[in-house]
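Please look over the sequence and the model before reading on.

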Amino acid sequence: MDLHTITQSLVALAEDNMAFFSSQGPGETARRLSGVFAGVREQALGLEPALGRLLSVAHLFDLDAETPANGYRSLVHTARCCLAHLLHKCRYVASNRRSIFFRTSHNLAELEAYLAALTQLRALAYYGQRLLAINRPGGLFFEGDEKITAEFLREYVTLHKGCFYGRCLGFQFTPAIRPFLQTISIGLVSFGEHYKRNETGLSVTASSLFTSGRFAIDPELRGAEFERIIQNLDVHFWKAFWNITEIEVLSSLANMASTTVRISRLLSLPPEAFEMPLTSDPKLTVTISPPLAHTGPGPVLVRLISYDLREGQDSEELNSLVKSEGPRGLELRPRSQQAPRSRSLVIHIHGGGFVAQTSRSHEPYLKGWAQELGAPIVSIDYSLAPEAPFPRALEECFFAYCWAVKHCTLLGSTGERICLAGDSAGGNLCFTVSLRAAAYGVRVPDGIMAAYPVTTLQSAASPSRLLSIMDPLLPLSVLSKCVSAYSGAETEDQSDSDQKALGMMGLVRRDTSLLLRDLRLGASSWLNSFLELSGRKSQKSSITPVESMRRSVSEAALAQPECPLSLKELSLQDSSEATDSPEMSLSVETLGPNTASDVNFFLRPEHPQEEEDGEELSPRDQSQGVSNAFPEGFHPRRSSQGAIRMPLYSAPIVKNPFMSPLLAPDSMLRTLPPVHMVACALDPMLDDSVMFARRLRGLGQPVTLRVVEGLPHGFLSLAALCRETRQATELCVERIRLVLAPPP
């Protein structure tokens, strides 16, 4: 069904439902339902022409006719998904509105949520039109006046986001992935409640489990809390949350479900310089020095994974480098006959936004790769930001890459074919390690496989990055915080020093008492949540939606002495409607002191003095200039988080080609080996892959780009979740196989 047909069908059904509920008398529920359908009709009619304009030019930004993918197409697809869901819901209402089993409150809540999402998507469509107008022809990233970029971001970051993290969470992705995203969002908001209490380890995980009940049954509260967290919490929170998979119990469970391999050893490479032959003249050598940036010389950790025990992998020289990991590192199986060395070697660099995760998090799918490819895999555990910002990670990855090339026989490979593979931030490091190898004159890999890579950390807007407003795994402020940490702009968290002062036994005593307290609060929260649900059935007239939300917010210690929370009623109705309805949507708002959000991902460098001139944006200031972005009469919904402290300066270091390979000069990009990228159509980083592929192709470099539909950023870590993620993972393996065994 094309866009016009979807819109016309939706408008017709909305008008029919609106007429029906308008005739049902003066009741509040009927009035709200009639208002929702009126809003759906208005937003759908306003959205269609904007999407049509984007779709009419989207093909101009594709890599080629066989790869129809770019941010403009993704914006249109996402809006179509929302329209299609509303169409389905309107049909359901039209067919069941007279039934005694029709759940009025549930359907009303879902319609209100998707109306809010449709309104915000209409705003994104208009922003996409602005990018079309101000970008250079064929360019997906904005490269114009810095003041225009700053103004663009000022408007963009004030958009309401909570509607995308409640009932509408993950609507744009394949249905099989949505339950996982819902689980992640519930875990995140529960984890966020306890993070600022300086809990650690088992305590915060258990506390989150026992206080997550209300977020599971109250989508509006979950969305509001999700928005508060992503806007206010720092990079250390995301580092802690993403590293949950590193907990021994969880990693052991993941490994039990993964492929069994003969070798999975953590190696510690000594910080000693060594010589590498030059590719131009193997008789000459260049010295590869150990990493030095920020923390001085130190060992580099790598993980060797091999499905078979191969020659060299049990040598005394390699065994001397093994770093103990406790019981999981012991090999209790009988020693088998050695297989010959493989012709191939895969060197892997993991993702995690440069701030989180290790090779252990990615070990489950790497084991499958080792079996399917028949080659040993070396995964590099580089130091993470903000403690080790750029260029420490690049130095360690380059050092480990050179060591692996030089000592490939110890790793069970002859090194005839070497593939560099990575995902997300690891894809970025794959490109920059190869560029550095070419700059040193040493052997570059025979090819690169990069899954959903980040190719520019420069603050530049693009249509796909607009999707970060609704992405549950890559929200806008998270991207900003990761970039700030990697570039060295993120400050250390004071809580670290507080924890060190407590000492180990102090932490244990504190966490034990907090765990017992939260078990009590969690049980109370669950009980009250379910009592509240049953009470709604018998006391509909005595408990208003506002009171219901107030109860859920007050439970389980959301309020803390140093940062009190209260409920503020907020109407999210479009200003184009005649009357405002405070029951349409409610949001939790943080009052009093809070941590400012370092949202600067779209910003290009500004003059330092301008940063002080207008960082605080009041709601009135936020609304100024919107008329330039939107047609008269349309006003998107704005965030309830109050004034936003928004830095207008981005570190110039992000223009370094070893940080943003998309910005590298042609002479550097010509040194890259064949590049194979696998991207996601709904990933905020999609345009990074498209523009990088277009640059390489324009230089005559061999490059392929495959774009998978319906999956989020980070699908490799979800390889075992569903059929779609398994197929996408197999596609990555196929790309690596093209490097290791190229067709004749």
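The structure is a predicted model. Its chain holds 24 helices and 15 strands. Of the 744 residues in the chain, 59% are buried.

**The chain as a whole**

- Contacts between residues at least 6 apart in sequence were examined, and 83% of them join residues at least 24 apart.
- The number of salt bridges comes to 21.

**Helix 1 against helix 2**

- Two packed helices are described by the angle between their axes and the distance between the axes.
- Helix 1, which spans residues 3-22, packs on helix 2 at an angle of about 160°, and the two axes lie 8 Å apart.
- Helix 1 is therefore roughly antiparallel to helix 2, since angles over 145 degrees count as such.
- The crossing of helix 1 past helix 2 is left-handed.
- On the side of helix 1, the residues in contact include Leu3, Leu10, Val11, Ala14, Met18 and Phe21. Helix 2 contributes, among others, Ala30, Leu33, Phe37, Val40, Ala44 and Leu51.
- Sorted by class, this contact of helix 1 with helix 2 comprises 14 nonpolar, seven polar and three charged residues.

**Helix 2 against helix 3**

- Helix 2 covers residues 28-57 and helix 3 covers residues 71-96.
- The axes of helix 2 and helix 3 are 11 Å apart, and the packing angle is about 150°.
- Helix 2 and helix 3 are therefore roughly antiparallel to each other.
- Helix 2 crosses helix 3 in a left-handed manner.
- From helix 2, the contact is made by Phe37, Val40, Ala44, Leu47, Leu51, Leu54 and Leu55. From helix 3, it is made by Tyr72, Val76, Ala79, Leu83, Leu86, Cys90 and Val93.
- The contact of helix 2 with helix 3 has 14 nonpolar residues, with no polar and no charged residues.
- Phe37, Val40, Ala44 and Leu51 of helix 2 are listed in the contact with helix 1 and also in the contact with helix 3.

- Side chains of opposite charge can pair when their charged atoms come close.
- Asp62 and Arg73 form a salt bridge through their side chains, with an N to O distance of 2.7 Å.
- Asp62 sits in the loop between helix 2 and helix 3, while Arg73 belongs to helix 3, so the pair ties together parts that are eleven residues apart in sequence.
- Asp62 counts as buried because its relative accessibility is 11%, below the cut-off of 20%.
- Arg73 is partly exposed, its relative accessible area being 24%.
- A further salt bridge joins the side chains of Lys89 and Glu110, at 3.4 Å from N to O.
- Lys89 lies in helix 3 and Glu110 in helix 4 (residues 104-134), and this pair links distant parts of the chain, 21 residues apart.
- Lys89 and Glu110 are both buried.

**Salt bridges elsewhere in the chain**

- Arg417, Arg443 and Asp446 are joined in a network of salt bridges.
- Arg723 and Glu724 are linked by a side-chain salt bridge of 3.4 Å, N to O.
- Arg723 counts as partly exposed, with 48% relative accessibility.

Notes:
Residues are numbered from 1 along each chain as its sequence is written. This is a predicted model: local features need pLDDT of at least 70, side-chain atom pairs count only at pLDDT 80 or more; totals for chains, interfaces and linings use all residues. Side-chain values use heavy atoms; hydrogens and water are left out. A salt bridge is a side-chain nitrogen of Lys or Arg within 4 Å of a carboxyl oxygen of Asp or Glu. Helices (H or I, at least four residues) and strands (E, at least two) are DSSP runs, numbered from the N terminus. Buried means under 20% relative accessible area, exposed over 50%, partly exposed in between (1.4 Å probe, protein chains only). Axes are lines fitted to C-alpha atoms, for helices over the stretch in contact, and angles run from 0 to 180 degrees between N-to-C directions. Angles under 35 degrees count as roughly parallel, over 145 as roughly antiparallel, 65 to 115 as roughly perpendicular and the rest as oblique. A crossing is left-handed if the near helix is turned anticlockwise from the far one by less than a right angle, and right-handed if clockwise. Contact means heavy atoms within 4.5 Å. Ala, Val, Leu, Ile, Met, Phe, Trp, Tyr, Cys and Pro count as nonpolar, Asp, Glu, Lys and Arg as charged, and the others, Gly among them, as polar.
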